[in-house]
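Try each task before reading its solution.

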Amino acid sequence: MATQHDDRPDFTPYPGPSGGWGSLQSVAEIVPREKNVVETGKELLRQNKHDGFACVSCAWAKPHPPHPVEFCENGAKATAWEITSQRVTPDFFRANTLTALRAWSDYSLEEAGRLTHPMRYDRATDKYVAATWDEAFASIGSRLKGYDAKQVVFYASGRASLETSYLWQLMARMYGNQNLPDSSNMCHESTSVGLKTAIGVPVGTVRLEDFEHTDCILHFGQNVATNSPRMLHDLRSARKRGIELIVFNPLKERGLERFTDPQNPIEMATRSETQIATQYNQVRAGGDLAAMMGIAKWLVEHDAVDAAFIAEHTHDYDAFAAKTRATTWDEIERESGLTRAALEKAAATYAKAKATIAIYGMGLTQHVKGVDNVRMLVNLLLMKGNIGRPGAGPCPVRGHSNVQGQRTVGITEKTELAPVAALKERYGIDSPTEKGLDTVEACGGIIDGTVKAFLSLGGNFVRAAPETRLLEEGWANLDLSVQIATKLNRSHLIPAAGETWLLPCLGRIERDYQATGAQTVTVEDSTSVIHPSVGKVDPAGPHLLSEAAIVAGIATATLPPNPAVEWDAWVGDYALIRDEIAAVFPHFFARFNERLKEPGGFWKGNKAAERVWDTESGKAEFLVPDTLNATGFADRAARYRLLTVRSNDQFNTTIYGYSDRFRGINGTRQVVLMNRDDMRALGVAQGQKVALAGDADDNVDRRVEGLMAVEYDVPRGCVVGYYPECNPLIALAHHADESHVPAAKSVPVRVVV
């Protein structure tokens, strides 16, 4: 298995299923590489269990009772990656300038190991130098006191616990702003906006037990084998019951085709497989609106809707139905890239089902019309009454562990979602009421210089965000950069013009010992269930602090004392933080500490799942779309639609190696996947190096060079490249309407031969 870049990469189609022996081989490769085999083996047996720790990778739901082995291939990689025995000490930085480190790959930077000491950038030597925590907090606090609050951004990666996230948003609001962009802004904010507008809640209504009661699954724009492999167990069980699973995805992804359960001895011994998709529709990038309109049109024209549910629970159906009738099949076929026959087959299958789950990922949300995509999916569910009944509902698959939970405890830039009144009553503070900066707006502020300081609670912001070149240039002009992290990444290598601090924190799997003893943290999964997480591994070094302690240290050094805000006491006992969360968010977290003892976690509740619609009309809202093209741009000669994707050896910006097993790409990430006929029309040969150039109408030069063309089963007019390598091609203005999610699943580009 290729773990490093190779000048002679291999492009050989992979014949196996998802899971199976290939998955075990991948886990067996990474664990010894991280040089902590015994500890990793012990921890994997605790992963995603009630008395264990919540996986630091994806946010998929955790069954109760759990499987004997409740981790997947990528979850095992994430665990081995975090508790590696390799260390990045002050000696490492004495030997390496930041200029030299910028030549390292993303893989090599994180593979160097865990950070061990708080570090300050020294411009004279171009190196990080060790500092004390007191020095770090005092210096950061002193600088923060000198800014206009609007000039500071408090970014949060999706991995921080509920406890730390609560402290983070409280610190920001006490400081005077709600510039609280987070990972959700980059992926599922279209869900938060779309679902809230349509059904009154910003999250999905499906729970894990619904998979036992469904008889149909619609699956849009989500690569289960790479992004949430444990879900394959739920899909496999549903398929074993004979349910229909209809997929809409531009690429043929192996996890949506066939799966061998690594925990099933018979399947492993016989190499037997479960077929996952019963219908597989390779929609054009940005064509999902049209595909869903085709299904809706068939349902209306065949009177295959739940008229009673629509009459009692929905608003504006007649206008939507009229739109479906007025839309022609020619329009639908042209925009979706699918045939009328395929869409009618999907519609007829859906019409027969009594309960349908609609699963989706960033293949719907990361388009200019991403919010419309989400709302059109809700339209389909409402047409058949598939919200608020067992086995049915929308099921957005969140990426990072606890990214959904952060929003629940107040990390939001939107005043209407912030606990302004509760914070006033609890702490006597006047929270800001002006909308804060989201991710796209924060990038704009960094580029134009209006943002002076950026504090990052985890993540790799510069690498994850769009408009890479301009963002890096603007980042170097910041006055303050504070990065709370476990490992080195590219965002740490662009020093601010003023001060740059790199603050190492405990990982979730490590023992968090505070004044009252060992601490428990909590996370929320994709199905709104809250879980405890207990770390037991020895910390990577004696100088690490917990994320909560670092936040409290910065807050104490920056903010005036408030007798109602007991930073030190809270850090000494996280149960006290949970009491604060319960007081500010009682509708979700009443009796938080008590309910945390419930095996399998506790569900925070969901009004829409009970058919209570917290919308303007008091009913679930139908959307009448004004376009069938979700890309936000028109087709024209030589313009292609770029989709950015993850490899099988990756989670977000973390690169575990250079093997994309399911796509048969090994030894490189510098590729562009192309349709065979497009390659022929351009005169491009397999393996030939080409460039992708941005084709936005803004006269900004965006280009990624040295990509090897690989023939792949991609719809014509679409090309595929890896995230984050292709982020430089995404214009900052190319984002979803309303939600501002970067539209990374349909980027206008040209192929330069």
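## Exercises on a predicted model

Start with a space inside this predicted model: the second largest cavity has a volume of about 210 Å³.

**Exercise 1. Describe the lining of the second largest cavity by class.**

Step 1: find the lining. The second largest cavity is lined by 16 residues, and Gly507, Arg508, Asp512, Val521 and Glu547 lie nearest its centre.

Step 2: sort the lining by class. There are four nonpolar, seven polar and five charged residues.

**Exercise 2. Work out whether helix H3 is enclosed or open.**

Step 1: locate the helix, which spans residues 73-82.

Step 2: apply the cut-off, where buried means under 20% relative accessible area. The residues of H3 that pass include Glu73, Lys77, Trp81 and Glu82.

Step 3: conclude. Ten of the ten residues of H3 are buried, so the helix is largely enclosed by the rest of the structure.

**Exercise 3. Classify Ser237 as buried, partly exposed or exposed.**

Step 1: Ser237 sits in helix H11, residues 231-240.

Step 2: compare its value with the limits. Buried is under 20% and exposed is over 50%; Ser237 has 41% relative accessibility, so it counts as partly exposed.

Step 3: take a distance from here. Ser237 and Gln514 are 277 residues apart along the chain, and their C-alpha atoms are separated by 42 Å.

**Exercise 4. Find the residues that touch the most other members of the largest nonpolar core.**

Step 1: recall the background. In soluble globular proteins, nonpolar side chains tend to be buried together.

Step 2: pick out the residues. The largest nonpolar core has 60 residues, and those touching the most other members are Tyr166, Trp168, Leu170, Leu503, Ile554, Trp567 and Phe589. Helix H8 (residues 162-175) gives the largest share of this core, nine residues.

Step 3: follow one of them. Beyond its neighbours within four places in sequence, Ile554 has contacts that include Phe137, Met171, Val482 and Leu503.

Step 4: look elsewhere. A second, separate core of 54 residues includes Ala321, Trp329, Val378 and Leu380.

**Exercise 5. Decide whether the radius of gyration agrees with a compact globule.**

Step 1: for 753 residues, a compact globule would have a radius of gyration near 27 Å.

Step 2: the protein chain has 25 Å, which agrees.

Step 3: Of the 753 residues, 67% count as buried.

Key
Residues numbered from 1 in each chain as written. Predicted model: local features only at pLDDT ≥ 70, side-chain atom pairs only at ≥ 80, totals over all residues. Heavy atoms only, no water. Buried < 20%, exposed > 50% of the residue type's maximum accessible area, 1.4 Å probe, protein only. Helix = DSSP H or I, 4+ residues; strand = E, 2+ residues; numbered from the N terminus. 1 Å grid on protein atoms, 1.4 Å probe; cavity = no way out; pocket = protein on both sides within 12 Å on 5 of 7 lines; lining within 4 Å. Points joined across faces, edges and corners; volume = space filled by probe spheres on them. Nonpolar A, V, L, I, M, F, W, Y, C, P; charged D, E, K, R; others polar. Core = buried A, V, L, I, M, F, W, Y, C linked by side-chain atoms within 4.5 Å. Contact = heavy atoms within 4.5 Å. Rg over C-alpha atoms; globule rule 2.2 N^0.38 Å.
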